Amino acid sequence: TDIPVIPDLEEVQEEDLAMQLAAPPSVQVNRVLTYYDLDKDLMKYAAFQTLDGEVDLKLLTKVLAPEHELQEDDVSWHWDHLFTEVSSELVTDWDLGHSEKED
């Protein structure tokens, strides 16, 4: 009498779960932090100044570049121009290296 029974496929099809929806999680977002706020928090909290409790990141956080120095304008690249520029720089460096070896 206590033997478990595997349900038939017909019984499972009667329980149509496709029409049931789970409620989405509710997350309260007050505001999005700016880079300035993140930078302030980085310097203020000691938790961000060590990695795994062993590696001191204070020196690194002091020399990190600010956001405005990292922003770059979008520049389109043209393959022919870029290839010519790089190859001419390589040839120039190669010529300088050979002239220094001859001296």
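**View 1. Y35 sits in helix 2.** Helices here are DSSP runs of H or I with at least four residues, strands are E runs of at least two, and both are numbered from the N terminus. Y35 is exposed, at a relative accessible area of 52%. For these labels, buried means under 20% relative accessible area, exposed means over 50%, and partly exposed falls in between (1.4 Å probe, protein chains only). Look across to P66: 31 residues separate Y35 and P66 in sequence, yet their C-alpha atoms are 9.1 Å apart in space. This is a predicted model, where local features need pLDDT of at least 70, side-chain atom pairs count only at pLDDT 80 or more, and totals for chains, interfaces and linings use all residues. Residues are numbered from 1 along each chain as its sequence is written, and side-chain values use heavy atoms, with hydrogens and water left out.

**View 2. D39 is another residue of helix 2, which covers residues 35-44.** D39 is partly exposed, with 42% relative accessible area.

**View 3. V75, W77, L82, V86 and L90 make a nonpolar surface patch of about 550 Å².** To join such a patch, a residue needs over 30% relative accessible area and no salt bridge, and nonpolar side chains (Val, Leu, Ile, Met, Phe, Trp, Tyr) are linked within 5 Å. A salt bridge, in turn, is a side-chain nitrogen of Lys or Arg within 4 Å of a carboxyl oxygen of Asp or Glu. Find V75 in the loop between helix 4 (67-70) and helix 5 (79-102). V75 is exposed, with a relative accessible area of 61%.

**View 4. Strand 1 and helix 5 mark the two ends of the confidence range.** Strand 1 (residues 50-51) has the lowest mean pLDDT, 65, while helix 5 has the highest, 88. That score is the predictor's confidence in each residue, from 0 to 100. Where pLDDT is low, the predicted coordinates should not be read in detail. Over the protein chain, pLDDT averages 77.

Methods: Patches are made of residues with over 30% relative accessible area and no salt bridge: like charges are joined within 9 Å, nonpolar side chains (Val, Leu, Ile, Met, Phe, Trp, Tyr) within 5 Å. Accessible areas come from the Shrake-Rupley method with a 1.4 Å probe; for residues, only the protein chains shown count as cover.
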